[in-house]
Amino acid sequence: MALIDYAIEHVPDDPDASVEVPIPDLAQRVLELYWRQVRPFAGKELRQSTQARARIPRAAMELRAAAGIGTGGASLAVAATRAPTVYEKALDEVTLCLAQQPLQRLQRLPGATVSDCFLFEDSFLHDHVSRSTLRAHGDSIVLGPGVATGLARLAGLLKPALEIMWVEDVRRMNRFLDEDVPDVAGHLFGRERISLASVREPFKDAFGARCFYCDLPLAVDNPVDHVLPWSLLGIDGLANLVLACRRCNGDKRHSLPATSIVDRVLERDRDVLEAIAAEIEWPTQFDRVVAAARGIYRSQPDGSVTWAGVRSSQRLDLAFPHWWLDIDPR
């Protein structure tokens, strides 16, 4: 899932090009995935590894404790600011864990002894790979020709499937998670949006209490919407959030918005967003949103249907210039 997110944000100009992926960058994304998941569920700590020591969840929990977050809703970015030394230690631990475990197994079928390197060359990765060996390889893997573009294009199919598999793995490892247990998937993948409530009032003060999409007045408890869909790329940064009415929010759901909507959201005053970010300790992630928008739209086929408003759609046409489509992802 981290590889898919990286690919989306680094789609090359040449769709058949190779793309270098820094393992520490993947580590940050994996840590972000586990950030919500290590909170207690139904009063219990979820087991998420078959290993005796769950290195990645443990690193996330130690960082939460060091940053004074515990089971709270503050983001990984906030924790990195509050406890930078522990954050760097966690990132280093996750980087090594990825190299020693999932990355060197990702391309190996069950029962096989060798990998089929259809994504990246992994011959230097093994259970005991050292930090010095990783440094000798630039702390990176290299996605093969066309792989980044392919992962970005298939993200809408792959990510939901991977989430389902992840949830089933967690259910198998935790016997108390039977069919009567409430929304496990929501706990693991952040489908509960209560945490976005702290964005609502600062956005109303800054941008007005009107729907970003249709400009109608908003209710007191209106939704906060992810412009680039959460199901495709879970970016919670302020640059990807807008206030919406329930009608627009319900109609848009997981749809990719029209490029004109992306233009509008990225043209908001960045100083205002940064001021809100400082006030509520919430990252803007502007550059990441720009990179994600570029990758998502450049990997879509021409003529794809996009959401332009309630019961309104537009066919994707990238011939019209958009400044964010020309940003170099490197």
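Leaving aside neighbours within four places in sequence, Gln100 is in contact with Arg55, Arg105, His126, Asp127, His128 and Val129, contact meaning heavy atoms within 4.5 Å. The model is predicted: local features need pLDDT of at least 70, side-chain atom pairs count only at pLDDT 80 or more, and totals for chains, interfaces and linings use all residues. Residues are numbered from 1 along each chain as its sequence is written, and side-chain values use heavy atoms, with hydrogens and water left out.

- Gln100 belongs to helix H5 (residues 84–100); helices (H or I, at least four residues) and strands (E, at least two) are DSSP runs numbered from the N terminus.
- With a relative accessible area of 12%, Gln100 is buried (buried is under 20% relative accessible area, exposed over 50% and partly exposed in between, for a 1.4 Å probe and protein chains only).
- Between Gln100 and Ser130 the C-alpha to C-alpha distance is 8.6 Å, at a separation of 30 residues in sequence.
- Two contacts of Gln100, Asp127 and Arg105, form a salt bridge with each other (3.2 Å, N to O), a salt bridge being a side-chain nitrogen of Lys or Arg within 4 Å of a carboxyl oxygen of Asp or Glu.
- Asp127 lies in the loop between helix H6 (102–105) and helix H7 (131–136) and Arg105 in helix H6, so this pair ties together parts 22 residues apart in sequence.
- Asp127 is partly exposed at 41% relative accessible area, and Arg105 is partly exposed at 38%.

**Other salt bridges**

- By this rule the count comes to 18 salt bridges.
- Asp13 forms a salt bridge with Arg298, with the closest N and O atoms 3.0 Å apart.
- That pair links distant parts of the chain, 285 residues apart: Asp13 is in the loop between H1 and strand S1 (19–22), and Arg298 is in helix H14.
- Asp13 is exposed, at 57% relative accessible area, whereas Arg298 is partly exposed, at 32%.

**Packing of H1 and H14**

- Helix H1 (residues 2–9) and helix H14 (residues 286–298) pack at about 85 degrees, their axes 6 Å apart; axes are lines fitted to C-alpha atoms, for helices over the stretch in contact, and angles run from 0 to 180 degrees between N-to-C directions.
- H1 is therefore roughly perpendicular to H14, a term for angles of 65 to 115 degrees.
- From H1, Asp5, Ile8 and Glu9 meet Arg288, Ala291, Ala292, Gly295 and Ile296 of H14.

Note on methods. Angles under 35 degrees count as roughly parallel, over 145 as roughly antiparallel, 65 to 115 as roughly perpendicular and the rest as oblique.
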